[in-house]
Amino acid sequence: ILSEIIADDEPRINMHDNELNRVLGGGLVPGSLVLIGGEPGIGKSTLILQICDSFTKMGKTVLYCSGEESDIQIKMRAERLSVNTEGCFVFAESNLETILAEVDKLRPDMVIIDSIQTTYLPNSSSAMGSPTQIRDCTAILVKMAKESGIIVMIIGHVTKEGNIAGPYIRTYGRCGFLFGRR
C-alpha cells in the first residue's frame with residue numbers, strides 16, 4: 001500500500017543549472033529515464049551535449065549513442081559549444097543489442113539515445129521507428145536503467161500530428177519531459 005512506503009529523498013545529481021534542475025525535480029536521479037522531446041531543429045541534441053558537459057565536469061562518464069549523426073558531426077557540435085569531451089564516449093550505432101553490449105563493456109554513468117526513432121531491435125519484425133520498435137526499445141532501456149542505476153536520456157521527435165513520438169506512446173517506468181508540445 002502506498003501509505004506504507006518509506007520515501008527517503010532519492011539522491012539527485014545537481015546539474016549546476018537552475019532551470020534544468022527545476023525541470024528534473026531537483027536534478028538527475030540515478031536509474032531514471034528522461035525523455036527530451038521537440039520539433040526537428042529546436043536544439044535537442046545541443047541541449048544533450050550541454051548536459052554531457054555538466055555531467056563529465058563532475059568526473060562522470062557518458063555514452064552518447066547516435067543513430068542520426070556521425071561521430072564527426074557530434075564532435076563538431078561539441079567543439080562549437082566548447083563541451084568537455086573527456087569522459088564522453090560517442091557511439092554511432094542504432095542496433096539496441098550492440099548498444100547494450102557497449103554499455104556492459106563501458107559501464108557509463110549516463111547513456112544518451114539520439115534518437116529513439118532510429119533505435120531498433122534486429123530480431124523484431126517491426127520497422128525502425130514504428131510504435132512497436134520504439135515501445136520495445138524503451139522498455140528494455142527502462143529495465144536497464146533501473147537494474148544498473150545508469151541514467152538514460154532519450155531524444156524523441158515530434159510527429160506530423162504534433163505529438164511526441166517514442167516513449168510517450170507508452171512507457172513503463174520513470175520518464176521526464178523537458179520541452180515540446182503538450
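How many disulfides does this protein have, if a disulfide is a pair of cysteine sulfur atoms within 2.5 Å? By this rule the count comes to 0. The sulfur of cysteine 52 has its closest cysteine sulfur in cysteine 88, at 4.2 Å, which is too far for a bond.

Colleagues, a word on the basis of these values. The model is a predicted one, in which local features need pLDDT of at least 70 and side-chain atom pairs count only at pLDDT 80 or more, while totals for chains, interfaces and linings use all residues. Residues are numbered from 1 along each chain as its sequence is written, and side-chain values use heavy atoms, with hydrogens and water left out.

Let me turn to the overall architecture. The protein has 5 helices and 5 strands; these are DSSP runs numbered from the N terminus, with at least four residues (H or I) for a helix and at least two (E) for a strand. From the N terminus on, the elements run α-β-α-β-α-β-α-β-α-β.

The strands form an open sheet of 5 strands with parallel pairing, in the order E1-E5-E4-E2-E3. Two strands are taken to pair if DSSP finds at least two bridges between them. Strand E1 (33-38) and strand E3 (88-91) stand at the edges with a single partner strand each, so one side of each is left without a neighbour in the sheet. On average, neighbouring strands are turned by 15 degrees against each other, direction ignored. Axes here are lines fitted to C-alpha atoms, for helices over the stretch in contact, and angles run from 0 to 180 degrees between N-to-C directions.

Within the sheet, strand E4 (residues 110-114) pairs with strand E5 (residues 151-157) in the parallel sense over 5 bridges. Isoleucine 112 has methionine 153 in E5 as its bridge partner.

Which helix packs on the sheet, touching E1, strand E2 (62-66), E3, E4 and E5? That is helix H2 (residues 44-57), whose direction makes about 165 degrees with that of E5. Helix H5 (residues 131-148) lies across E1, E4 and E5, at about 160 degrees to E5.

Finally, contacts and burial. Contact means heavy atoms within 4.5 Å. Among contacts between residues at least 6 apart in sequence, 70% join residues at least 24 apart. Of the 182 residues, 44% count as buried, that is, under 20% relative accessible area with a 1.4 Å probe, protein chains only. Cysteine 52 counts as buried, at 0% relative accessibility, and cysteine 137 is buried at 0% as well.

Technical notes
Disulfide = S-S within 2.5 Å. Buried < 20%, exposed > 50% of the residue type's maximum accessible area, 1.4 Å probe, protein only.
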